[in-house]
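Have the sequence and the 3D view open side by side for this one.

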Amino acid sequence: MSVRVRRVYEPPEPDDGVRVLVDRLWPRGLAKDAARVDEWPKALTPSTELRRWYHADDRPYDEFRERFEAELAAPEAAELLEHVRGLAGKGPVTLLTASKSPETSHAEVLARLLDG
């Protein structure tokens, strides 16, 4: 499987494959046609409560990852995760996020779960 994480503000590349926005909110200042998003599974994103918890102070990424993985066990999220895993089984998938630090974001957690 080929799953990678990119910032949604970066221009699309030919080898992106299916482009999946994994943020709950649409990225500020980005036109929908410029983003070239193929899918936007909002239920595959951290809850508002978890997102606020993580961004308050200096919360440890490992604890965020564990809490997010627990949220992903919910039926709707688990179904969407399997759907994206199926897409990745057919070709490249690019998870898109507006996060300034994608390597310590929920998108990286999803990429690891999808590749694993």
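What follows is a short tour of this predicted model.

## Ground rules

Since this is a predicted model, local features need a pLDDT of at least 70 and side-chain atom pairs count only at pLDDT 80 or more, while totals for chains, interfaces and linings use all residues. Residues are numbered from 1 along each chain as its sequence is written, and side-chain values use heavy atoms, with hydrogens and water left out.

## Strand S3 and its partners

Let's begin with S3 (93-97). Helices and strands here are DSSP runs numbered from the N terminus (H or I, at least four residues, for helices; E, at least two, for strands). Five of the five residues in S3 are buried, where buried means under 20% relative accessible area, exposed means over 50%, and partly exposed lies in between (1.4 Å probe, protein chains only). Val93, Leu95 and Thr97 point one way from the strand, while Thr94 and Leu96 point the other way.

S3 runs parallel to S1, with five bridges joining the two; strands count as paired if DSSP finds at least two bridges between them. In that pairing, arginine 6 sits opposite leucine 96. S3 also pairs in the parallel sense with S2 (residues 18-21), over four bridges, and here arginine 19 is the residue opposite threonine 94.

## Threonine 94 up close

Why does threonine 94 count as buried? Because its relative accessible area is 0%. Its side chain makes a 3.4 Å polar contact with the side chain of arginine 4. A polar contact is a pair of N or O atoms within 3.5 Å; within protein, one must be able to donate a hydrogen and the other to accept it, and residues adjacent in sequence count only if both atoms are side-chain atoms. The threonine 94 side chain also reaches the backbone oxygen of aspartate 16, at 2.7 Å. Leaving aside residues up to four places away in sequence, threonine 94 touches Arg4, Arg6, Asp16, Val18, Arg19 and Val20, with contact meaning heavy atoms within 4.5 Å.

In H2 (48-55), the buried residues include Leu50, Trp53 and Tyr54. They cover an arc of only 95° around the axis, so they lie on the same side of H2; the arc is that of the directions from the helix axis to the C-beta atoms. Arg52 and His55 are exposed on the other side of H2. Just past the end of H2, aspartate 57 takes a positive phi of about 60°.

What do the buried residues of H2 pack against? They pack against H3. H3 has Phe64, Arg65 and Phe68 as its buried residues. Their arc is only 100°, which puts them on the same side of H3, and the buried residues of H3 pack against H2 and H5.

H5 (residues 106-115) buries His106, Ala107, Val109, Leu110, Ala111 and Leu114. The buried residues of H5 pack against S1, H3, H4 and S3.

## Serine 47 in the loop

Finally, look at the loop between H1 (32-35) and H2, where you'll find serine 47. Is serine 47 buried or exposed? Serine 47 counts as buried, because its relative accessibility is 17%. Its side chain joins that of glutamate 71 through a polar contact of 2.6 Å. Not counting residues up to four places away in sequence, serine 47 touches Arg24 and Glu71.
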